[in-house]
Amino acid sequence: MDPIIRKKGSPRCIGYAPGHALWTEAELKTPIPGEDRTFGGNLLWYEPFGPTMPSLHEIFSFYIFLDLRRFVVRRAGHVCEVCGKIAFPRQFERWEYDEKTKIRTLRRLICLCKQCQISSQRDLEGAPFNNQNALESQMRLYRGITYEQLLVYAAEQRSLQKSYRAIRWRSDISLLTNLAFAELPQPSKTLIVNHPDPPVKPPPDRLPVRFFNVQVEAPYRLCHSEADEEKAMAEARRLWPLISEYTSDQISEITGVEKFRLHNVLGSRRACALKLSQADRSGRRRRKKTDSSDGSEK
């Protein structure tokens, strides 16, 4: 396949695997038919989870889930819809549970920051609640309740989740058929996928990704960046500790990986640089010991 060449001043080309959808601005601004953006409000909640209540991350293939996450995060402007922070935003979902039919229906897609998502998925059967715990503080703050009210709410949700886990749920994700994905899971005993008639087609201006290689032109280095995830991240991991030589923006340009993903996956650059320097020092010490032992033998 022909590589996509990024010229100076053109939008950044990011290496995705073939089949990904580059969502158009019109798609991001158009409400999804059937989605209730007010479902649950913008409050934190304890989302039930268990073997019979899989998340979309478990239902979808990896690439389809990444497409959905990009859609939700871009639609929210990379901002948590609960607390308003920009801290590792990710996609989350809200379900409606019907115990009579044993069907849980996807009602809303929401963008949460890392802390809000962790608070929403707290194991209520696990460690006891603590007034000083960050997870409890997050839930109290963004539900607008006191610690005593939180204990009552958690007890109600604990009993509710216990009853939910005893049910073999069927997950209805028909809402997502209106996004015109290239591929969705097939219906099964545990999955309901009702496609509209006629099926929703992607807009003509949506660009399906069809390339593997991205050629990046930069004043500091010319690099043919592999869009393959492993190769791109391996190159980024090698450059990440080199703080004095490359900036985060430059590494993002070279590897074709978005900067927020580099920070999310690789962590602190200072910590990586410290580990590298420690490894270099230990390597020098080992070489000195080897040289001294060789000299003594002679």
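**Notebook: a predicted model, looked up piece by piece**

I began with His 78, which is partly exposed at 34% relative accessibility; I take buried as under 20% relative accessible area, exposed as over 50% and partly exposed as in between, with a 1.4 Å probe and protein chains only. The model is predicted, so local features need pLDDT of at least 70 and side-chain atom pairs count only at pLDDT 80 or more, while totals for chains, interfaces and linings use all residues. Residues are numbered from 1 along each chain as its sequence is written, and side-chain values use heavy atoms, with hydrogens and water left out.

**Backbone angles.** His 78 sits in the loop between helix 3 (62–75) and strand 3, where helices (H or I, at least four residues) and strands (E, at least two) are DSSP runs numbered from the N terminus. I noted that the phi of His 78 is positive, near 60°, in a residue other than glycine. Most residues other than glycine have a negative phi, and most peptide bonds are trans. I also looked up the peptide bond from Asp 197 to Pro 198, which is cis with omega near 5°; Pro 198 belongs to the loop between strand 6 and strand 7 (207–208).

**Cysteines.** How far is the sulfur of Cys 80 from the closest cysteine sulfur? The closest one is in Cys 83, at 3.6 Å, which is too far for a bond, because a disulfide is a pair of cysteine sulfur atoms within 2.5 Å. By this rule I count zero disulfides. Cys 80 is itself buried, with a relative accessible area of 3%.

**Strand 3 and its sheet.** I then followed strand 3 (residues 90–98), where seven of the nine residues are buried, so the strand is largely enclosed by the rest of the structure. Strand 3 pairs with strand 4 (residues 103–112) in the antiparallel sense over nine bridges, two strands being paired if DSSP finds at least two bridges between them. Arg 90 stands opposite Leu 112 in strand 4. The two strands make a hairpin with four residues between them, and Lys 102 in the turn has a positive phi of about 60°. Lys 102 is partly exposed, with a relative accessible area of 44%.

In which order do the four strands of the open sheet run? I read the order as 3-4-5-6, with mixed pairing, and the edge strands are strand 3 and strand 6 (191–192), each of which pairs on one side only. Strand 4 and strand 5 (residues 170–172) pair in the parallel sense over three bridges, and Thr 105 has Asp 172 in strand 5 as its bridge partner.

**Helix 8.** I found six of the eight residues of helix 8 (residues 248–255) buried, so this helix is largely enclosed by the rest of the structure. The buried residues include Ser 248, Ile 251 and Glu 253. Gly 256 follows helix 8 and has a positive phi, near 80°.

**The whole protein.** I count ten helices and nine strands, and of the 298 residues 40% count as buried. Among contacts (heavy atoms within 4.5 Å) between residues at least 6 apart in sequence, 67% join residues at least 24 apart.
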